[in-house]
Amino acid sequence: MRKRLGFVFWLAVAYLVVLALAAVFADVLPIKDPAETFPGTSKQGPSLTHWFGNDGVGRDVFSRVIYGAQVSLVISTVGTVLALVIGGLLGMVSGYFSSRVDRWLTATLNASLVIPPLILFLALVLFLDGEAKRRIFILVFTFVLLSIAPIARVVRAATLSWAGQDFVLAARTLGARDGRVLFREILPNVAPSFVSYSLIIMAGLIVVEGSVAFLGLSVPPPTPTWGDMINKGRTNLDVAAHISLMPAIVMFVTVLALNFVGDKLQQYFEPRESVL
Amino acid sequence: MKQAVRDQLGRIVAVALLATIAWAWFWRPPFSWTFGVLVAIGTVGAGIADGRYALRRIAGVIPVLVGVSFVVFALMASLPGDPAINILGPAATADQIAIVRTELGLDEPFFNRYGNWLGGVLTGDLGTSIVLREDVADGISRSMTPTLQIMAYSVVIALGFAIPLGIWAGYRQGTKTDGTINNVMLGFLATPNFVLAVMLVLFLSIGGLSVAGNEIGFRVLPAARYVPLGEDVVLHFKHMLLPSLALAMGQAAVFMRLLRSDMIATLRLPFIDLARSKGLPTRRILWRHALRPSSFTLLTVVGLTVGLLIGGALIVEFIFTIPGVGAYIFLGVTQRDFIAVQGGVLVISTLYIVVLTMSDFLYLSLDPRLRGREVGARA
């Protein structure tokens, strides 16, 4: 019996699609310029002309949230895809070729986990100089570094359980080379756990990017980022809470949707392991 | 050694660990002492639980520590720009730069510098901070107290939420109660801790949103500042509540989900049926019989999340202006003080490794079925 994914799942998917489209087409959509200050609207609450209100200097919060999505989504997507390719490959190799290769890879990956992510990040931030491009590069690089080990672990565990199956043995008996076995026999079976886990990793990266931006170390202004908006809004929290609240809500819903979709997909593909 | 004796000794060790922590809190000896005593007691405890395993595990930790110290040092050494110029500013003369470089030991080859630094680290000397002009080890041990406090409180709060909810949701698996608990916790899981912190400040300390002149929220808790425990106990906890809550709720969700799934698995086992048929009350079955065998994964993950907590503590310290280690490193980063940063990162990583290893040992002493077997407790 196949489980249904349910209405909330599709609602979450729809939200993510709309957000992604809005971020991609932000330049052609009829929204306000995120850098434009509207005179006399400083700290004004949500209204019909400015849906999410205006920030401390009178910029439109709604369009800044949309443009902020660009940074969050680009960095987390690129980071996740790269980490997925590298981590997935390492995990499959580690799970398939047991013994020595496995032991080395596992040890290295475990060792890479001993520096707490945000602290490692801070250490790497010392390499940042003002330039925005370089900053994005280092951000993505660190995020990839952070997510390789968790992904490799999940994939390794999945590979281990598939590599022992009869059809893999059959393929090898027929003389298939390791590469073929890995990519034609094992990969299709491991892929579902990849995909659902990658969404959860992506949600995690959005949070990390948000934290980094909150500390003022992500992409430098004037580029809007969610974390930075929430942080800057704190100074006006008592008089105009919406400046922090709006990006916070959008970020919360995005992370929630990603987690939810990832969870549901995992249950859908692997009902047995769905308990976690 | 007989198992019964071992179990008793294990309990004594646990009490000794807690006593050391309490001692450290009230008498505040130098941080390195506390740390040393904790490690020593932990090692003895591990040896009691399973001697050979403990030795092998500790032997495995040493290369990791050396590796981490090397990576941290290499990272800082390969920073672009001359640290001497960073200290003196762009207007410095060549002579001044040369003097500062000698003072920092920068004119020596890389491996000599690494050796010198490592030698210093082993004797508790992390160098002198460039910007603060202060001993880094002193600075870190001073800022360690608030950080450890936040982390400890938030683990306690997280477990306080997670254990009852996890047990209950597991027991009521598939019902509306289970669904509700799960969804609420999923919500907390999706809330980044800085967002939660800002929301907590908004709704609990500055009065919340005002809609048509009415406040939706409270002004019951202070929003910032750190009050040491020794100064005023009540104020201390009042000020620590919001930061700890902000850090705890995400962890609570993770813990609760783990405990729930393990509870479900445990409750299907035959010995639960036996307990039930003896007529034991449900509460007793859940708390006394099912909880212990269900809590092993949880325990390991509590150890693992210390890394996340440190990162989270950094954010929370930043928001609530608490002078912790995170704030210390953050200051170092923004002022390009590489000596402070490398000291801070090293201490935190070491702490994390030690906690991970300890949680492996704890795992071993809690689950008698695993003794004598290899445990890769990092799930």
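Residues are numbered from 1 along each chain as its sequence is written, while chains are lettered from A and ligands numbered from 1 in the order in which they are written. The model scores ipTM 0.81 and pTM 0.79.

**Chain A**

- The secondary structure of chain A consists of nine helices and zero strands, where helices (H or I, at least four residues) and strands (E, at least two) are DSSP runs, numbered from the N terminus.
- Along its principal axes, the C-alpha trace of chain A spans about 75 × 50 × 30 Å.
- Of the 276 residues in chain A, 46% are buried; a residue is buried if 20 or more other C-beta atoms lie within 10 Å of its own, exposed if 12 or fewer, and partly exposed in between, with C-beta atoms placed from the backbone.
- Among contacts in chain A between residues at least 6 apart in sequence, 69% join residues at least 24 apart, where two residues are in contact if their C-beta atoms, placed from the backbone, lie within 7 Å.

- Helix H2 (residues 61-96) of chain A has 36 residues and reaches 50 Å from its first C-alpha to its last, close to the 52 Å expected at 1.5 Å a residue, the expected span being 1.5 Å times one less than the number of residues.
- H2(A) is mostly covered, with 26 of its 36 residues buried, whereas helix H6 (residues 166-173) of chain A is hardly covered, the count of buried residues among its eight residues being zero.
- Arg172(A) has its place in helix H6 of chain A, and this residue counts as partly exposed because 15 other C-beta atoms lie within 10 Å.
- The C-alpha atoms of Arg172(A) and Val8(A), which are 164 residues apart along the chain, are separated by 43 Å.
- After H6(A) comes Gly175(A), whose phi is positive, near 95°.

**Chain B**

- Chain B contains 15 helices and two strands, and buried residues make up 39% of its 379 residues.

**Where the chains meet**

- The contact takes 41 residues from chain B and 33 residues from chain A.
- On the side of chain B that touches chain A, the largest share, seven residues, comes from H15(B).
- By class, that side of chain B has 31 nonpolar, seven polar and three charged residues, with Ala, Val, Leu, Ile, Met, Phe, Trp, Tyr, Cys and Pro counted as nonpolar, Asp, Glu, Lys and Arg as charged, and the others, Gly among them, as polar.
- In the largest nonpolar core, which has 157 residues, Ile119(A) and Phe255(B) touch the most other members; such a core is a set of buried Ala, Val, Leu, Ile, Met, Phe, Trp, Tyr and Cys residues joined through C-beta atoms within 7 Å.
- The largest share of this core, 16 residues, comes from helix H7 (residues 178-214) of chain A.
- Leaving aside neighbours within four places in sequence, Ile119(A) is in contact with Ile310(B), Gly311(B), Ile329(B), Val345(B) and Ile348(B).

**Confidence**

- The mean pLDDT of chain B is 77, and 78% of its residues reach 70 or more.
- Over residues 373-379 of chain B, pLDDT stays under 50, and the model has 13 contacts beyond four places in sequence for them.
- Where pLDDT is low, the predicted coordinates should not be read in detail.

Definitions and conventions:
Predicted model: local features only at pLDDT ≥ 70, side-chain atom pairs only at ≥ 80, totals over all residues. pLDDT = per-residue confidence, 0-100.
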